[in-house]
Amino acid sequence: MSVMQALDLRRRSASSVPPPAAGKPAAVPVAKLIDVSKCIGCKACQTACLEWNQLDQPIGFTDGTYNNPTDLTTASWTVMRYTEYEHGDDLEWLIRKDGCMHCDDPGCLKACPAPGAIVQYTNGIVDFISDNCIGCGYCVKGCPFNIPRISQVTSKAYKCTLCSDRVVVGQAPACAKACPTQAIYFGTKEDMIAHAGKRITDLKSRGYQNAGLYNPPGVNGTHVMYVLQHADKPSLYAGLPDNPHISPLVGIWKGVMKPLSLAAIAFAGAFGLMHYVTRGPNRVTEHDEEKAAELAGSDKA
Amino acid sequence: MSAHAKPVSRYTTAARINHWITAVSLILLALSGMALFHPSLYFLTYLFGGGQITRAIHPWIGVVLAVSFLGLFLRFFTLNLWNRDDTVWMKNLGAVINDKEEGLPEVGKYNAGQKLVFWGQSILILLLLGSGFVLWDTYFASYTTIDQKRLSAVIHALCAIGAILIWIVHVYAAIWVKGTLSAMTRGSVSGGWAWKHHRKWFRQEVGKS
Ligand code: HEM
Ligand code: SF4
Ligand code: SF4
Ligand code: SF4
């Protein structure tokens with residue numbers, strides 16, 4: 001893809017990436033900001049995503065709620081999740097646009113065993129490169145947000161690309177363009193944080209004391225952020241993790257275990273070789289053969 | 001040359017075929033698994049025709065191994081039960097690896113080291129099979145939670161390394177102790193080998209005929 005050449009890589013799965021050439025201006029980190037308080041749940045973004053990415057979500061079944069499809073799929077890279085939040089006499093409809101968070105510290109990429117199947121550009125976007133994907137599902141285990149979906153048809157992993165193919169030519173993501181209430185903003189991460197600050201001040205002035213920005217430090221911040229009315233309780237929003245981080249199990253599996261295991265195998269091999277060289281082979285002696293013949297009778301006959 | 005005893009039969013043809021199916025599948029599993037375990041070994045996927053195919057066939061080879069190993073288990077588990085002599089043998093492991101087994105209790109069909117290899121692989125292959133199914137997303141993704149899959153990935157990789165280490169010990173022992181390989185190639189060993197390494201078993205075999 002041409003995108004690959006136009007965007008510099010910061011990370012590449014199962015490979016090391018050379019540091020950017022000296023003197024080259026560093027790419028500015030970008031972010032998408034989703035203002036949950038402005039979302040009316042119209043799903044224009046969901047449709048725009050299918051449209052732009054030429055995805056085909058087969059018609060399924062409704063479970064009687066607005067959640068439709070009920071979960072992310074290989075074709076639906078974003079879905080709206082509706083929560084009825086009752087507190088006191090109040091009922092609030094919390095609508096969260098779910099999808100890849102584009103973690104600055106991406107667990108999917110760290111877990112992926114296939115070189116170059118997941119990349120992170122210097123602007124922070126995390127992208128799946130299908131040509132290199134082997135369909136193992138390790139990204140699913142690495143992701144703290146339960147985002148990647150593996151296709152039963154192509155055996156490849158899919159998720160939101162943050163419209164990297166639009167961003168590279170200076171366009172905002174399709175979902176941001178389509179939103180009728182401008183609940184989805186796109187720009188530099190710095191600008192998005194500043195803009196979120198204004199929105200939060202406004203929300204607080206209207207009684208949302210706990211309004212705040214969701215940019216979780218456990219994954220070193222994300223390149224998709226939310227403005228939440230109740231930022232003290234992210235899990236209210238259809239189970240958005242309160243404090244996401246890459247699972248320690250994945251840390252062990254993809255961390256210490258790799259070098260230690262290879263070292264153990266190399267040690268076992270080296271020990272065998274040394275033993276053979278210093279001890280020499282363990283041979284049956286002529287004496288053993290005689291003793292055996294004494295016991296069993298000889299084979300001369 | 002002095003008189004030699006005639007070769008002692010150690011394995012039936014069926015047992016040897018069973019063993020070689022197990023051996024080949026274990027090696028293929030180790031190669032295909034290690035390819036996905038460490039990026040520096042990813043090139044091993046070329047042996048199988050690429051990453052997608054490696055990922056897809058590894059679990060199937062695992063099923064072959066599990067069935068084949070079950071065959072070996074049923075054949076040999078009674079001969080691998082632990083006894084007091086095995087404890088003495090293990091305590092003198094230092095003498096054994098220095099080729100000074102004289103004076104140790106006479107060994108039956110299997111010595112304590114071989115028994116540990118047997119039980120070690122039995123347990124590890126069972127754990128590999130269990131954790132392998134949890135990781136087998138193509139068919140079983142929906143049966144477990146993501147946290148269970150994470151735990152299984154750690155267990156599977158740990159057990160795989162354990163099984164590979166035991167395999168190295170097993171193969172090295174067969175190379176170091178000359179005359180052993182013929183048990184698996186021809187099904188028989190020399191009388192001298194039987195006398196030196198498995199005297200108690202040798203006496204039983206002689207007693208039979
Ligand atoms: C007994 C049945 C077994 C089953 C069902 C099984 C299944 C699996 C599955 C599903 C995976 C994930 C990748 C893929 O989808 O191919 C995997 C990975 C792996 N397997 Fe197995 N396997 C088995 C036995 C073994 C054995 C005997 C070994 C080694 C001697 C082994 C070594 C590995 C390794 C090293 C990995 C990569 C783990 C990682 O990336 O951390 N497996 N296995
Ligand atoms: S499924 Fe594809 S993207 Fe996900 S970890 Fe495996 S190779 Fe990487
Ligand atoms: S949300 Fe999941 S899939 Fe997206 S970048 Fe983070 S770890 Fe990767
Ligand atoms: S950024 Fe692009 S790929 Fe991601 S949800 Fe929006 S439209 Fe879909």
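Colleague: What share of the contacts in chain B with a separation of 6 or more comes from residues 24 or more positions apart?

Modeller: Contact means that heavy atoms lie within 4.5 Å. In chain B, residues 24 or more positions apart account for 71% of the contacts with a separation of 6 or more. This is a predicted model, where local features need pLDDT of at least 70, side-chain atom pairs count only at pLDDT 80 or more, and totals for chains, interfaces and linings use all residues; side-chain values use heavy atoms, without hydrogens and water. Residues are numbered from 1 along each chain as its sequence is written, while chains are lettered from A and ligands numbered from 1 in the order in which they are written.

Colleague: How many helices and strands are there in chain B, and in what pattern do they follow one another?

Modeller: Helices (H or I, at least four residues) and strands (E, at least two) are DSSP runs, numbered from the N terminus. Chain B has ten helices and two strands, in the pattern β-α-α-α-α-α-α-α-α-β-α-α along the sequence. Along the principal axes, its C-alpha atoms fill a box of roughly 65 × 35 × 30 Å. Of its 209 residues, 47% count as buried; buried means under 20% relative accessible area, exposed over 50%, and partly exposed in between, with a 1.4 Å probe and protein chains only.

Colleague: How is a sheet read, and what is the strand order in the open sheet of four strands in chain A?

Modeller: Strands of a sheet pair through backbone hydrogen bonds, either parallel or antiparallel. Two strands count as paired if DSSP finds at least two bridges between them. In chain A, four strands form an open sheet in the order 9-2-11-10, with mixed pairing. Strand 9 (184-188) and strand 10 (212-214) of chain A are at the edges with a single partner strand each, so one side of each has no neighbour in the sheet. From one strand to the next, the twist averages 25°; axes are lines fitted to C-alpha atoms, for helices over the stretch in contact, and angles run from 0 to 180 degrees between N-to-C directions.

Colleague: Do strand 2 and strand 9 of chain A run parallel or antiparallel, and what packs on the sheet?

Modeller: Strand 2 (residues 30-35) and strand 9 of chain A pair in the antiparallel sense over five bridges. A:Leu33 stands opposite A:Tyr185 in strand 9 of chain A. Helix 7 (residues 189-205) of chain A packs on this sheet, where it touches strand 2, strand 9, strand 10 and strand 11 (224-228) of chain A. The direction of this helix makes about 140° with that of strand 9 of chain A.

Colleague: Is A:Leu213 buried, partly exposed or exposed?

Modeller: A:Leu213 lies in strand 10 of chain A and counts as partly exposed, at 28% relative accessibility. Beyond its neighbours within four places in sequence, A:Leu213 has contacts that include A:Leu33, A:Ile193 and A:Ala196. A:Ala196 is 17 residues away along the chain, yet the two C-alpha atoms are separated by 6.6 Å.

Colleague: How many residues does helix 9 of chain A have, and which of them are buried?

Modeller: An α-helix has 3.6 residues a turn, so residues three or four places apart point the same way. Helix 9 (residues 257-279) of chain A has 23 residues and reaches 32 Å from its first C-alpha to its last, close to the expected 33 Å; the expected span is 1.5 Å times one less than the number of residues. Its buried residues are A:Met257, A:Lys258, A:Ser261, A:Ile265, A:Ala268, A:Gly272 and A:His275. Their cover includes helix 8 (248-254) of chain A, together with helix 1 (13-37), helix 4 (93-97) and helix 7 (146-176) of chain B. Just after helix 9 of chain A, A:Gly280 takes a positive phi of about 80°.

Colleague: Which residues come nearest to ligand 3 and to ligand 2?

Modeller: A residue is near a molecule or strand if one of its heavy atoms lies within 4 Å of it. Around ligand 3 there are 13 residues, of which A:Cys100, A:Met101, A:Cys103, A:Cys108 and A:Cys143 come nearest. Around ligand 2 there are 14, and A:Cys112, A:Cys133, A:Cys136, A:Gly137 and A:Cys139 come nearest.

Colleague: How do the shells around ligand 3 and ligand 2 divide by class?

Modeller: Ala, Val, Leu, Ile, Met, Phe, Trp, Tyr, Cys and Pro count as nonpolar, Asp, Glu, Lys and Arg as charged, and the others, Gly among them, as polar. The shell around ligand 3 has ten nonpolar, two polar and one charged residues; that around ligand 2 has twelve nonpolar, two polar and no charged residues.
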